[in-house]
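Hello,

Here is the structure I promised to pass on to you. Have a look at it first, and then read on for what turned up.

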Amino acid sequence: MTSNIQIRRAEAPDCPRILELVQELADYEKASSEVTVSREHFLESGFGANPVWWGFVAEYQGKIVAFALYYIRFSTWKGQAMYLEDILVTEEMRGKGVGKLLFEALIAEARDKGLNRMCWQVLDWNEPAINFYKKYNASFDGEWVNCAINI
């Protein structure tokens, strides 16, 4: 199956489909109404004069069936790291190795950029994702509390 999957860098024309998948992820995470980014802002943020995110898509039979979006963050303790903002494989394509291909593309990208780590968040109830990450010997840190303010 994975031989029929093409992993490639996300391109500007992919943005509408990626946003559909972002909404699918929000629905899965029981946060359907939380996606408020406009198509224009999303496109400008990834492909404008000063992009702040990059990504990969997985195509199967000419259709994008998965995506991974990341940005570079900086730690005063550790330096630059890849932050995986979102990764989603459509429900019908889960369990077919697509996530593994995307995740390994991210790891290769981090290495190519000279980054020393990749980090992300996962909801504590998302057992399928947690089990996937465990296959990569990911460490899980229950000590930190997420914080944010709306401005």
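A word on angles before we start: those under 35 degrees count as roughly parallel, over 145 as roughly antiparallel, 65 to 115 as roughly perpendicular and the rest as oblique. Axes are lines fitted to C-alpha atoms, for helices over the stretch in contact, and the angles run from 0 to 180 degrees between N-to-C directions. Helices (H or I, at least four residues) and strands (E, at least two) are DSSP runs, numbered from the N terminus.

This is a predicted model, in which local features need pLDDT of at least 70, side-chain atom pairs count only at pLDDT 80 or more, and totals for chains, interfaces and linings use all residues. Residues are numbered from 1 along each chain as its sequence is written, and side-chain values use heavy atoms, with hydrogens and water left out.

**The α1 and α2 pair**

The axes of α1 and α2 come within 10 Å and cross at roughly 115°. The two helices are therefore roughly perpendicular to each other. Where do they touch? On the α1 side Cys15, Pro16, Ile18 and Leu19 take part, and they meet Arg39, Phe42, Leu43 and Phe47 of α2; contact here means heavy atoms within 4.5 Å. By class, this contact has seven nonpolar, no polar and one charged residues (Ala, Val, Leu, Ile, Met, Phe, Trp, Tyr, Cys and Pro count as nonpolar, Asp, Glu, Lys and Arg as charged, and the others, Gly among them, as polar).

**Helix α4**

In α4, which spans residues 127–134, the buried residues are Ala129, Ile130, Phe132 and Tyr133. Seen down the helix axis, they fall within an arc of 160°, so they line one face of α4; the arc is that of the directions from the helix axis to the C-beta atoms. Their cover includes β4 (79–89) and α3 (98–112).

Buried means under 20% relative accessible area, exposed over 50%, and partly exposed in between (1.4 Å probe, protein chains only).

Thr90 sits in the loop between β4 and α3 and counts as buried, at 1% relative accessibility. Leaving aside neighbours within four places in sequence, Thr90 is in contact with Arg17, Leu21, Glu24 and Val65.

Most residues other than glycine have a negative phi. Lys30, in the loop between α1 (15–28) and α2 (39–47), has a positive phi near 60°. Asn137, in the segment after α4, also has a positive phi, of about 60°.

Best wishes
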